[in-house]
Amino acid sequence: MYAHLEERFGLDRGTGRDRLLDVVRGALEPPEFRSNLFVHLETDLLRWRKDAGERRGATELAEMAFPPPVIALLTATVIAAQEMDESATGAKYVSSTNYYEHLLPVLRLGSGDKQKLRRDFTVTETFWESFSWWLDEMDGRYGLPSARATSGQRYVGLPVSQALVRAADRRALRRMFHQFGFAPRSSVSPSEMGEVVAEWVHSPGSGASKELSGKWSAAEARRRIVDVAISELEGWDGSVESVEREAPGTPRGLHRERVMLGILVRGRADDQEIADLGFMVRRDPDPGTWSLRHSGGQEPVHPRPVSTSTSFVAGYELGVRPSELLDKEIALTHEDGRELVRSPRRIVVLVEDEAAGTFVEVRRAVSGARHRILVSPETPDELVDRLRDLLRRTAFSGRRDVEVHGLPADWLVVDGFVPGSVPEGYQVEDELSPLVASVSTQFHVRGGIRIPGRVRRWHSDAVPEVVVTLGAESGTYDLRLTELRTGGAPVTLRAGITTPEVIALPDGVGDGDYRIELRASAGGDLMQSETLRLRSGRTRSVEGWRLRPSLGHDEEPLDATAARTLPEAALVRGALVDGEGRSRPVSGPPPAVDWASRHVRRSTETRTLLLPDPSTRSCLVSGHHRFHFPTFLDGQKRPTWQTGVCTECGAVRRSPTSHWMALKPEERAARLRAKGRAVPASAAEDTVDVATLPVVDLPEIEADDIPPVVVEDAIAHLHSGDVAMLLALSSQAPDLTEDHPQLLRDLSALGTVETSRDAFFRRDRWEAREASVSVLADGRPALTGAWDLESLDGAEAAAEELGGSVRLAATGMHLSVVDGVGAEAFLAHDALAGVTDAGRSYARLADVLPDLSEVARDLPRRDVTMVDGPWQMYRVDELAWIDVAGWEAPGLYRRHRGYRREYWYRGATDIGERTAAPADVDLGKHLAALGVRTPLLGYEPRSRTLTVPLGARLPELYERTAVLCAGCVPTPDRSAFSLTYHGVPEDIAATLHARITS
């Protein structure tokens, strides 16, 4: 750091530290004054925070990247903590008195200023909170907040937490998270983390340094180390850093990074969930190439991002059946030599990743989180009965058996499992051990809408609930909520908690940061603390605005098929058209077409990959786990419980360290009687008949009902992002659409967002468009663009005042429409001030559409001399794909590569020049139809409906023209093999037909 300062500001070598501290000292109030030492910094910070909170425009939000004016001071406080740590012996370094002795010279203060420094230092807690807030608003661009202090010395604890644990030990902590089966980016209580660190820190091969092991012996240091570990876990992405040489005695596979199964929710149809089964890998900035081992060799795979930290590969995209993924071994090899393996299990536990809209396999259940359990048909009935009994006695209510389209029909699927504590004396089989969470007295925030990003945020109009679980420790607890911005008195959400509860947040909590605390009712000891961040469209994501691509369409023919970055003016942005169009062709609409009669059902060759059988060492084959439990160094106190890891499948099991306590109660009693000893009353009471254990009904956790307008508001808040971000957002509202990956296409067609394309014509990024009002073909106003809820409330109030109403979109496939009010009167209302009048967008779009032949001419070509198949070709006359030996004829071709199909269009000139143009399937089909002069377009004038075959939606702006006529995306009719655009006037149908066929 000092070297960077010296280079950045041209300082003499070795003077960086002193110059930094001189600057800090110059910002302090002289100690002889009565005012606070940090009063100038406090005033500057208040002004900075007020300005930051009022920023709304793009330029103002960009200025948010300037950090708060207290970072130099906070750095100085950490320097003092680090010097204290380096000079400490024994446990003295954890003393607050000792810390201030080191802070005085760092701040250039005398020993006589110590009491004033201690008194004034409390204000630095606000400085740390503001710094953490700024890191959160930057969405982790400069790192995630890690300063924590949950113990009594909260002011000193913040800088000490940054210096106490060195970088090498922080890396070792991440290996510990993997070893003990923690879920990435999860939140746990200090008591649970303390138990794990206590077990880990003294075990051989842990990787913990001697310094960290020594510090753990001091009570105050333990609390600090636990705080650091919790912060590291919240920012951990699941990676396991390799070491050149494992410690002696470390079992093979203990720290192996593994492939985890994943379920990606696609949507819902007829009350049945549609999902893809596949596997997850960690998302890398430079992903490189992964290969999947199968019976015929290696198959390259290219995982698609589904969140900021994980990527996903669906089995069907590789030709791997879901049953193969569950029953066989999954082995991935990276080009850098890494290997990830998953061994099959009869019982699979997956935890919900709300930020990605997925369920991810875990090696042990997460306390308070929602899970999904998959049970193999090969599981014995007795074990299934024990599983159901375990759930009945330990899980929160609300779970149910479900059928999921995309999973094997013979596998049992239990959804909504939220683990509670296991009754004392209840014996759990090895195969059920992943269902047993390490439940302590803590809380878990779940539900609502998680806003995608590196930092945990929720939507303030779809807030989460708080699940409180209680461990073995008895007591009464209070749950409190404090708004951090105002710093007011905490609000008690629930007092006197003695049993597990599901607690709703109070009505009226709005955008802002809140602290949730669980404290003991008697004495107020803090059990757990977590920051709850609520956001909505009323505030803007700084990162979304910073990374906005300024997408739009201009006059180039290709712009009609994809948006691109246009920092200045654009011809089309969303539903807004700014410019004059060309004259409309004089021709009639296309005739009606019976697409079902033209469609020929054909079967194409489907390649199926067979995964390798599990090895003979697999737990599924051998019939037992190989649990490795830690040993402990001589003289070290053994914890009561220890965590074992199966070195084959990675399952995690918690067991008592004492062999005597590991015996079943009846076995302990029998051994005592065999030795002629009396059985203590406590042992007799421990003898438990499972059937006599009481069943305690835990509270029910229900699935959230998320309205589409809340999702649109979240889109307005985020403003821009990648495809994975929008998919993760929409997947949390299962009723939003039948196909969440298709939602991005629908939102583009409605003019809510613009989307850009990558080199293979795949949508890669999106940007929300400004709120506007368009006029539909029937004369009704429609709300186009991304409307935040505050603006939407104003529109509803205006419509009601004018004698009309706003019919809100029921799904993500419709616009909200104003009934009973004309567009001119509606826009003239004061509540609509600042909203753009888009006019009859559909007509203005029709005027600027290019001929499709111009698009075909301008598509970027690639040399395909070395591109090989196997190929399938689209037959326009049969509306079907057929297998072909080569691609030496004009038309649309596809081949399977990576995680999705590639589509290539070849015109007549491409054949001779050995070139082809990447395209998407819809554009490619219409280009192929243009080549054989058989348009894929039909029109029925009486119903004013425009139809295309299934799987052949109109290209980008052509489709937006048709969609904005009635404000709804096309509806499929599988029996007619068609997609129908509704409410399309005859002249618009004629224009579309002329452009598509020219």
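Residues are numbered from 1 along each chain as its sequence is written, and side-chain values use heavy atoms, with hydrogens and water left out. In this predicted model, local features need pLDDT of at least 70 and side-chain atom pairs count only at pLDDT 80 or more, whereas totals for chains, interfaces and linings use all residues.

**Sheet and helix**

Helices (H or I, at least four residues) and strands (E, at least two) are DSSP runs, numbered from the N terminus. Two strands pair if DSSP finds at least two bridges between them. An open sheet is formed by 3 strands in the order β16-β19-β22, with antiparallel pairing. Its edge strands, β16 (442-446) and β22 (501-504), each pair on one side only. Neighbouring strands of the sheet are turned by 25° against each other on average, direction ignored; the axes behind this angle are lines fitted to C-alpha atoms, and angles run from 0 to 180 degrees between N-to-C directions. Strand β19 (residues 465-469) pairs with β22 over 4 bridges in the antiparallel sense. The bridge partner of Val-468 in β22 is Glu-501.

Helix α16 (residues 381-394) has 14 residues and should span 20 Å at 1.5 Å a residue, which agrees with the 20 Å between its end C-alpha atoms. The expected span is 1.5 Å times one less than the number of residues. Buried residues of α16 include Leu-383, Val-384, Leu-387 and Asp-389, where buried means under 20% relative accessible area, exposed over 50% and partly exposed in between (1.4 Å probe, protein chains only).

**Salt bridges**

A salt bridge is a side-chain nitrogen of Lys or Arg within 4 Å of a carboxyl oxygen of Asp or Glu. By this rule the count comes to 65 salt bridges.

| Pair | Closest N and O atoms |
|---|---|
| Lys-328 and Asp-613 | 3.3 Å |
| Glu-361 and Arg-342 | 2.8 Å |
| Arg-780 and Asp-819 | 3.0 Å |

Lys-328 lies in the loop between α15 (322-327) and β7 (330-334) and Asp-613 in the loop between α18 (595-598) and α19 (619-622), so this pair ties together parts that are 285 residues apart in sequence. Lys-328 counts as buried at 19% relative accessibility, whereas Asp-613 counts as exposed at 55%.

Glu-361 is buried at 4% relative accessibility, and Arg-342 is buried at 3%. Arg-780 is partly exposed, with a relative accessible area of 24%, and Asp-819 is partly exposed, with a relative accessible area of 24%.
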